[in-house]
Amino acid sequence: MLGNIKFIGELGKLDLIHESILHKCIKTLLEKKKRIQLKDMGEDLECLCQIMRTVGPRLDHEKAKSLMDQYFGRMRSLMNNKDLPARIRFLLQDTVELRENNWVPRKAFIDNGPKTINQIRQDAVKDLGVFIPPTYQGMRMDFFLEGPFMPARIKLDRETLGGLADMFGQMPGSGIGTGPGVIQDRFSPTLGRHRTNPLFNGHMANPSQSQFDLAIKPFMKSNQGQNQHFHNQNQNHSSQQQVQSKDMPQRFKKGQLNADEISLRPAQSFLLNKNQVPKLQPQIPTMMPPSAQPPRTQTPPLGQPPQLGLKTNPPLIQEKPPKTSKKPAPSKEELFKMTETIVTEYLNSKNLEDAVNGFRDMKAPKHFLSEMLSKIILCSLERSDEDKEQASTLIHSLRTEGLVTGENFMQALLNVLDQCPKIELDIPLVKSYLAQFAAQAVITELVSISELAHPLENGTHFPFFLLCLQQASKLKDREWLADLFQQSKVNMQKMLPEIDQNKDRMLEILEGKGLSFLFPLLKLEKELLKQIKADPAPQSIYKWIKDNISPKLHTDKGFVNILMTSFLQYISAELCLSEGDENLCAPTKEQLDQEKQLLLAFKPVMQKFLHDHADLQVSALYALQVHCNTYAFPKGMLLRYFVNFYDMEIIEEDAFLAWKEDITQEFPGKGKALFQVNQWLTWLETAEEEESEEEGD
């Protein structure tokens, strides 16, 4: 499942999946499944964190801010739930902190990429205080290691090289090429071309003046005979070199190297006794960082070994100034006392500015803000209604000053609601008082209706949500609340307990709370059919609709759906058709004629609301689809209505084709409906194309 979520997230990051689908995935992962304990939701929450890290930056924009705030509010509540495994809680915490950091990962600015050899050497100087000298083509590491002056016990083979020498040094045989002036070694493929070069035989022109002579002084005493042989052999070859250099063309002399210019001292990693041989200075000072280069005036004499890898003049160690003792952060109990003191003084003095400054100076940590707001609410519950309004004003001012957020308020409200069973013993109307705070928060736009509704779904703290709507309608007006509720797109049935989640029971509860004005169409659904049965004349139906239904709803898809459903139910009742009736599949000729006459009678009302509105005509077709689905799609019923609507010019061709192409899953039975009318729709589409071709000719 995690792999699928990663794949979906990557597709969403590339804009190959619509945002609505991503939101649906996130909601599915956040919802608590029935009969599944919270501790078993670890896989879903891990997938949630994964998809949030992948597509969170794309979804977190202004239009979807309310939804994202709801998601992360739920994630914060789960993050503090001890029933979840620690790994899942930390994943949730990392995801929440990622959003707080504007979706920038903590390690975004750490360079973890590959480094060049020079960068590694510089890091070694900076971090370890060790300089690693580079090896150049002119440096012969195996020259002195295999010469006769080196004791056998410290000779090293090429195969034993390792450590820093392998990593930083250039191995013999990896020269810059072939030709005159290029120093070759015994591993070079052109070994035999320049045997006359004395460097290949391990000899130098003037060993008495070279650095090499200084390097082998510790070995002179124990190997005098070998060294004497070496000096004699070296003099013979030096004379040969001078003769050859005279006869050599000028272009080849450029490639010759003076033995004095070549340092043949071994690197430190090749010697066993590092104290006997002087250490090697880098030949190119620019390879060392400036901080590691010794001053030019303090270069040690040639006979003294310099200290490589250590700065000659290290900076003076500056003692850190003593840390100033900071006051310890106040404890939770102290913060509660400070909050209670500020709220009590504010409610007594009504000085809003002093209260806001007091909370600002308190500098409460973020995790305490919700508890601070809970304390403000609890301190005002037993006081007068005026004090409750003052407390709401204080909360609004704190939000205006940026000291608290809507999420803090929602968490505080839920904390107090959890304590309601105990508080109700002393304050029976505590939920009504809390509803006043919630209504004020909605009016001042501290929270939205959808944010208020989300944690109260499935009847949580019922009927608190309805009490909040009641208080909002009292503080404002019904029309404002109805518009705001419609914009929130809250599913009212989900706000009721599971046993009451049906239309009839919902309408009954809303009428009892005086909130039926929020769903005028729901009331219309019951009363319109009664009106049609009482007086089926088109003039009477139209007059009743005009008198009882707001003109704003005349172009509402829900109104058209109810209007069409009421007409179809009346026609079925007049034809004495019921579910399971044999006449549904094979109606008589008299029933067919009566059905057509009733449709003609209702035609003026239908045309009045459907004419020139293709989207409303599609809604009417969906109402017909649901009606036929109720009767299990009797053979020929849907096709018969389609033909009649087309012939009577109630529904236009474009609406039929739009219904065919629409893929919404909101209305059941679309597949069976298409199976019945697909052939007729194909004919309609073909006929329309032929007409357009004739008009073009």
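**Close-ups of a predicted helical model**

**View 1. The buried side of helix α28.** In helix α28 (residues 637-647), the buried residues are Met637, Leu638, Arg640, Tyr641, Phe642, Asn644 and Phe645. Buried here means under 20% relative accessible area, with exposed over 50% and partly exposed in between (1.4 Å probe, protein chains only). Helices are DSSP runs (H or I, at least four residues), numbered from the N terminus. After α28 comes glutamate 649, with a positive phi near 60 degrees.

A word on the model: it is predicted, so local features need pLDDT of at least 70 and side-chain atom pairs count only at pLDDT 80 or more, while totals for chains, interfaces and linings use all residues. Residues are numbered from 1 along each chain as its sequence is written, and side-chain values use heavy atoms, leaving out hydrogens and water.

**View 2. Helix α14 against helix α15.** The axes of α14 (residues 369-381) and α15 (residues 385-400) come within 9 Å and cross at roughly 165 degrees. That makes the two helices roughly antiparallel (the label for angles over 145 degrees; under 35 is roughly parallel, 65 to 115 roughly perpendicular and the rest oblique). Axes are lines fitted to C-alpha atoms, for helices over the stretch in contact, and angles run from 0 to 180 degrees between N-to-C directions. On the α14 side, the contact (heavy atoms within 4.5 Å) uses Met372, Leu373, Ile376, Ile377, Ser380 and Leu381. From α15 come Asp387, Lys388, Ala391, Leu394, Ile395 and Leu398.

**View 3. What surrounds α15.** The buried residues of α15 include Asp387, Lys388, Ser392 and Ser397. The buried set packs against α12 (332-349), α13 (352-362), α14, α16 and α18 (430-443). Just past the helix, glycine 402 has a positive phi of about 80 degrees.

**View 4. Asparagine 408 in helix α16.** Asparagine 408 sits in α16 (residues 406-418). Its relative accessible area is 15%, so asparagine 408 counts as buried. Apart from neighbours within four places in sequence, asparagine 408 is in contact with Leu369, Ser370 and Leu373.

**View 5. Isoleucine 26 in helix α2.** Look for isoleucine 26 in α2 (residues 19-30). This residue is buried because its relative accessibility is 0%. Not counting residues up to four places away in sequence, isoleucine 26 touches Leu48, Ile51, Met52, Leu59 and Tyr71. Cysteine 49 is 23 residues from isoleucine 26 in sequence, and their C-alpha atoms are 9.4 Å apart.
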